[in-house]
Amino acid sequence: MNTPAHSRSWVTSANGHADFPLQNLPLGVFSRGDSARRGGVAIGDSIFDLQAALAAGFFNGAARGAAEAASRDQLNDFFALGAHGRRALRSELLHLLDEHSPQRARLQASSKLLLHPMSECQLHMPARVGDYTDFYVGIHHAMNVGKLFRPDNPLLPNYKYVPIAYHGRASTLCVSGSPVKRPDGQTLPPDQDVPQFGPCKRLDYELEMGVWVGPGNPDGEPIGIADAQQHIAGLCLLNDWSARDLQAWEYQPLGPFLSKSFATTLSPWVVTAEALAPFRCPQPARPEGDPQPLPYLLDEADQQGGALDIELEVLLLTRQMKAQGLPAQVLARSNTLNMYWTVAQMLTHHSVNGCKLQPGDLFGTGTLSGPQPGQFGSLLEMTEGGKHTVELPSGEVRRFLEDGDEVILRARCQREGQVSIGFGECRGVVVG
Ligand code: MN
């Protein structure tokens, strides 16, 4: 079906919805009350129940197979289908949920079964993550943090050649709303030679995007840069909680370990590559004097349309602010255009040695800070390693996170002539 950019839905809350208009249709896994976990699609304030829609016979042909894969308690089988399956499902959903759908009367007659108020549902991890890798492609974050640790030499010489990453921990990925326990660990107090053990005192967040891997590759067969887009199922928000005092002591020479592996929070909705397509744009030109990517990472189509223009926001809501009825305070605004490497370059590089990527693997982009104050995606950068404080409307100040603090990430795509879409929220409260 031909879908004009401004189509409206008979699910009236979708029209003008900040995150989930008809043009978005992100996928997730939900339950309502005691019912089993199953796949659904966010539309306005509701979740469209794929299992119920299948049972009522609303899907046929290729869309039926894709809807079945997306209706399970994990989206891995759906991610494995790749772009063909995603497009078949999206096309049918656009058709069914359009205000002019020939099926509208039948759908509305069953709307109690097909649509669930999102506020009455629980959202779960969208997929079983086999492997999680956190990149470091936010160049301003790399510069800002590099300056703190190595004032004379903020960016190491490999940065402009290699999309840097480390292997993270899949077992502690959790979905928005899960509490985050302050970790214990070893830290080296200032001016001491011997570490101490105890609760992290410099707990931080990192504003990142998550990338869900689609079909992936057989062991030993790298994914070429020209094919990489086909293996990217969709994106979400990702908070890479970081224990800075643990990190400073443990990270040399091999990088992050326990300072990161205690928790990583994801937003529950997978915004598909197709929904993001209108917001693609050229990869920003590299600064004068920077090297070109090596040929295996350089593709003209990727350079022309492989970047994404997604506006990002991080907010803080303390326990006291909640008690006073104050709204969450915006700490920073940034954009995915601060990525030095495209998502396709990250994926190609990850597989170039033959490493097998599988449906439902997850990448973090790295912290997506901008170059200016007000655009920093972590407290480490905002307070220059705890030298300054952040002032809050409650009169409180923060260098790092306190127990009871809630961190909220948001993301939104806007472009002239397009209906805006959003990612929903990625929230987590720190508990002691
Ligand atoms: Mn990170």
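This is a predicted model: local features need pLDDT of at least 70, side-chain atom pairs count only at pLDDT 80 or more; totals for chains, interfaces and linings use all residues.
User: Why is H141 called buried?

Analyst: The cut-off for buried is under 20% relative accessible area. H141 comes in at 3%, so it counts as buried. You'll find H141 in helix α6, which spans residues 139-149.

User: What is H141 in contact with, leaving aside its neighbours within four places in sequence?

Analyst: Contact here means heavy atoms within 4.5 Å. On that basis H141 is in contact with Y136, G146, E206, T367, S369, S378 and E381.

User: What makes the link between the side chains of H141 and T367 a polar contact?

Analyst: The limit for a pair of N or O atoms is 3.5 Å. The H141 and T367 side chains are joined at 3.4 Å, which is listed as a polar contact.

User: How far apart are H141 and G216 in sequence and in space?

Analyst: They are 75 residues apart along the chain, and 29 Å apart from C-alpha to C-alpha.

User: Now D405: buried or exposed?

Analyst: Set its value against that under 20% cut-off: D405 has a relative accessible area of 0%, so it is buried. D405 sits in the loop between β24 (397-398) and β25 (406-413).

User: Which side chain has a polar contact with D405, and what else does D405 touch?

Analyst: The side chain of R398 does, at 2.7 Å, and the limit is 3.5 Å. Not counting residues up to four places away in sequence, D405 also touches L316, L317, T318, R319, G428, V429 and V430.

User: Why are β9 and β21 said to stand at the edges?

Analyst: Start with the order, β9-β26-β25-β20-β21, in an open sheet of 5 strands with mixed pairing. β9 (180-181) and β21 (329-335) each have a single partner strand, so one side of each has no neighbour in the sheet.

User: How do you know that β20 and β21 pair?

Analyst: Pairing needs at least two bridges. β20 (residues 311-317) and β21 have 6, in the antiparallel sense. Within that pair, E313 stands opposite R333 in β21.

User: What does UniProt place at residues 159-430?

Analyst: The unreviewed UniProt entry puts the feature "domain: Fumarylacetoacetase-like C-terminal" there. Over that stretch the chain is 13% helix and 31% strand, with its end C-alpha atoms 32 Å apart.

User: Which residues touch the most other members in the largest nonpolar core?

Analyst: That core has 64 residues, and the ones in question are M209, L235, L276, I310, L401 and F423. Another core, of 45 residues, lies apart from it, with A67, L89, L97 and L107 among them.

Terms used
Residues are numbered from 1 along each chain as its sequence is written. Side-chain values use heavy atoms; hydrogens and water are left out. Helices (H or I, at least four residues) and strands (E, at least two) are DSSP runs, numbered from the N terminus. UniProt positions are given in the numbering used here, feature names are shortened, and annotations may be inferred rather than shown by experiment. Buried means under 20% relative accessible area, exposed over 50%, partly exposed in between (1.4 Å probe, protein chains only). A polar contact is a pair of N or O atoms within 3.5 Å; within protein, one must be able to donate a hydrogen and the other to accept it, and residues adjacent in sequence count only if both atoms are side-chain atoms. A nonpolar core is a set of buried Ala, Val, Leu, Ile, Met, Phe, Trp, Tyr and Cys residues joined through side-chain atoms within 4.5 Å.
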